[in-house]
Each structure stands twice: as structure tokens, then as C-alpha cells.
Amino acid sequence: MEREKIEAGFRLVLEGLGADADHPDLRDTPRRTAQAWAEELCAGLSEAPVALDTMPLPEGGPAGLVVLEGIPVKSMCAHHLLPFTGEAVVGYLPGDSICGLSRLSRVVNHFARRPQMQEFLTQQVAEYLERELRPRGVGVVVRGRHLCMELRGVNHPGVMTTTTLLGGLPGRRGAARGVHGAGRLRGGGAIRRPAAGPGWWPSCSGP
Ligand SMILES: [Zn+2]
């Protein structure tokens, strides 16, 4: 990540809006904004992939669904660079191993903290868990409010977007769909790679 380029870009935005970017009230704005983008809003781009801390499931051990609800989602719409926020539900049906519960939250955060599309976020979390945890099934649901729909464009505050991806769960074989347009499974519950998204970040830790 090139912090100087981000800072220069925000200075250009101020100048493009007609502001005096050297005014004492504004001159630190590009630096502050670049810092927030690099260290917080897009932190997932520079951090290492999340280690799931898997542990083997003993013979006869609990084999039911593991579900985390209410995982905060804080992300930036890749199309408008405005925030979208909400909650995720992540669950899996253990195969040979289980993982630390907080790791599920960290996986969501890792893929959310970057310019993102909710559809891809949902799919990337599910793909990552399927690949790293090898569960018998995985399910991810994300519900989000998008400021790009609330402050501009259609200007509809309070609209919730729900995206789901279910793979390999009993009775849901191959039945998953992304309500907002992407993320779908076909045949056998195997999760397919998204058509785009990871290609945005050729050097990052995305899937
Ligand atoms: Zn948007």
C-alpha cells in the first residue's frame, strides 16, 4: 500500500472541489484521511491472512453446527467508496476440526476492511472457511446498509441488503444464492471462485 499516493489523492479531491488544501483547517486532512484508510478502513489489505487455529475434533466429539451471530461488518463500497455497515452470521458444520470462535469474526473483518462488494465479502468468507477449515458445510449471511444508497442515487435510507451463501449444508445441497446479485453455488455444494473481486488486489492476501 502506498500511503503517499492515497494522501496525494485526497489532496486532489479537496482541490478538485475548489478548496484551499493549504488552509490551516484543511492542510492535515489528506494525511488524516490517508491514515484512516490505510490503517483502519482498508486494514484487511495489508494484514496477514487469518490463522484459524484449528484443532482436531475428537472421535465422538460434538458435531453440530457452530454459528456466530452479530459479527460487525464495517466496509467500504468499492463502487462509490462510501461505507456499508451491518452484521454477519457465519456458521459451519465441522469436518475433522473446529476453529477458535473469534477467528470467524476475524475472517469477516479481514475481508470487510477494504473496498468491497457485499456479495464478494459473503463469498470470500465462505470460500476461506471451506478451504482452510474443510467443514462439512458452511453458511454465511451478511446484512448491510449502504450509504451509497442512502445519501445519493436512489436516496433510500434504511434499506437492508442481504447476501447469503450456503455450501454443503444438509438439505441445502447446491442451494445458495446472493440476493444482491452474486455469490451462488451449483452442484454438490462446492464453492466456486468469484468471477471478479480478488483481481482488484493482485498483491494482497485475498483468496
Ligand atoms: Zn455503492
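1. Helix α3 (residues 101-112) packs against helix α4 (residues 118-133) at an angle of about 135 degrees, and their axes are 9 Å apart. Axes here are lines fitted to C-alpha atoms, for helices over the stretch in contact, with angles from 0 to 180 degrees between N-to-C directions. Helices (H or I, at least four residues) and strands (E, at least two) are DSSP runs, numbered from the N terminus. The model is a predicted one: local features need pLDDT of at least 70, side-chain atom pairs count only at pLDDT 80 or more, and totals for chains, interfaces and linings use all residues. Residue numbers start from 1 along each chain as its sequence is written.

2. α3 and α4 are therefore oblique to each other; angles under 35 degrees count as roughly parallel, over 145 as roughly antiparallel, 65 to 115 as roughly perpendicular and the rest as oblique. Their crossing is right-handed, meaning that the near helix is turned clockwise from the far one by less than a right angle.

3. On the α3 side, the contact uses Val 107, Val 108, Phe 111 and Ala 112; these meet Leu 121, Gln 124, Val 125, Tyr 128 and Leu 129 of α4. Contact requires C-beta atoms, placed from the backbone, within 7 Å. The residues of this contact comprise eight nonpolar, one polar and no charged (Ala, Val, Leu, Ile, Met, Phe, Trp, Tyr, Cys and Pro count as nonpolar; Asp, Glu, Lys and Arg as charged; the others, Gly among them, as polar).

4. In α4, 14 of the 16 residues are buried, so the helix is largely enclosed by the rest of the structure. A residue is buried with 20 or more other C-beta atoms within 10 Å of its own, exposed with 12 or fewer, and partly exposed in between. Just after α4, Arg 134 has a positive phi of about 50 degrees.

5. Gln 116 lies in strand β5 (residues 115-116) and counts as buried because it has 22 C-beta neighbours inside 10 Å. Leaving aside residues up to four places away in sequence, Gln 116 touches Ser 75, Met 76, Ala 78, Phe 111 and Leu 121. Ser 75 is 41 residues away along the chain, with 6.7 Å between the two C-alpha atoms.

6. Helix α1 (residues 3-16) and helix α2 (residues 29-41) have axes that come within 8 Å and cross at roughly 130 degrees. This crossing is right-handed. By class, the contact of α1 with α2 has seven nonpolar, two polar and four charged residues.

Notes. Contact = placed C-beta atoms within 7 Å.
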